[in-house]
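Biologist: Let us go through the terms used for this structure. I will ask what stands behind each one.

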Amino acid sequence: QVRLIESGGGLVQAGGSLSLSCAATRRTFSSYTMGWFRQARGKEREFVAAINWSGASTKYEDSVKGRFTISRNTDEDTMYLQMDSLKPEDTAVYYCAVRPGVEVQISANDYFYWGQGTQVTVSS
């Protein structure tokens, strides 16, 4: 089975930066997509960014384009999310997720393995 562990969350002022990491404890799929999702209090989980198994294809939610950068270290089976120019509306629990296949998906329902989340809080 795949276990995902997020890290790097914390408290930051608006305009600041944070870098999140998601480490997989074991490789399960030959080709897979990894994604970041977030869930704010009282709201449903939403897509943030995703990257395919090779790292050649990425997808971003419109509100984070130009501010967030998703990347992968294939050898370490680790995914990263560099977050710059953070805004209070970015405050949420951030989750990493994995799905088999080569196609980048943006729906949470398409992902099968999830981490436990890391809290990101952006103050005004």
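**Terms and cut-offs**

Modeller: C22 and C96 are joined by a disulfide, S to S 1.9 Å. The model is predicted: local features need pLDDT of at least 70, side-chain atom pairs count only at pLDDT 80 or more, and totals for chains, interfaces and linings use all residues. Residues are numbered from 1 along each chain as its sequence is written, and side-chain values use heavy atoms, with hydrogens and water left out.

Biologist: What makes C22 and C96 a disulfide?

Modeller: The cut-off is a pair of cysteine sulfur atoms within 2.5 Å. C22 and C96 have S to S 1.9 Å, so they qualify.

Biologist: Why is the disulfide called right-handed?

Modeller: The torsion about the S-S bond of C22 and C96 is about 60 degrees, so the disulfide is right-handed.

Biologist: How do you know whether C22 is buried or exposed?

Modeller: Buried means under 20% relative accessible area, exposed over 50%, partly exposed in between (1.4 Å probe, protein chains only). C22 has 0%, so it is buried. C96, also at 0%, counts as buried.

Biologist: Why are strands β3 and β8 called paired?

Modeller: Strands are DSSP runs (E, at least two residues), numbered from the N terminus. Two of them pair if DSSP finds at least two bridges between them. β3 (residues 18–24) and β8 (residues 78–83) have six, antiparallel, so they pair. S19 has Q82 as its bridge partner in β8.

Biologist: What makes β7 and β8 a pair?

Modeller: Six bridges join β7 (residues 68–73) to β8, again antiparallel. F68 has M83 as its bridge partner in β8.

Notes
Helices (H or I, at least four residues) and strands (E, at least two) are DSSP runs, numbered from the N terminus.
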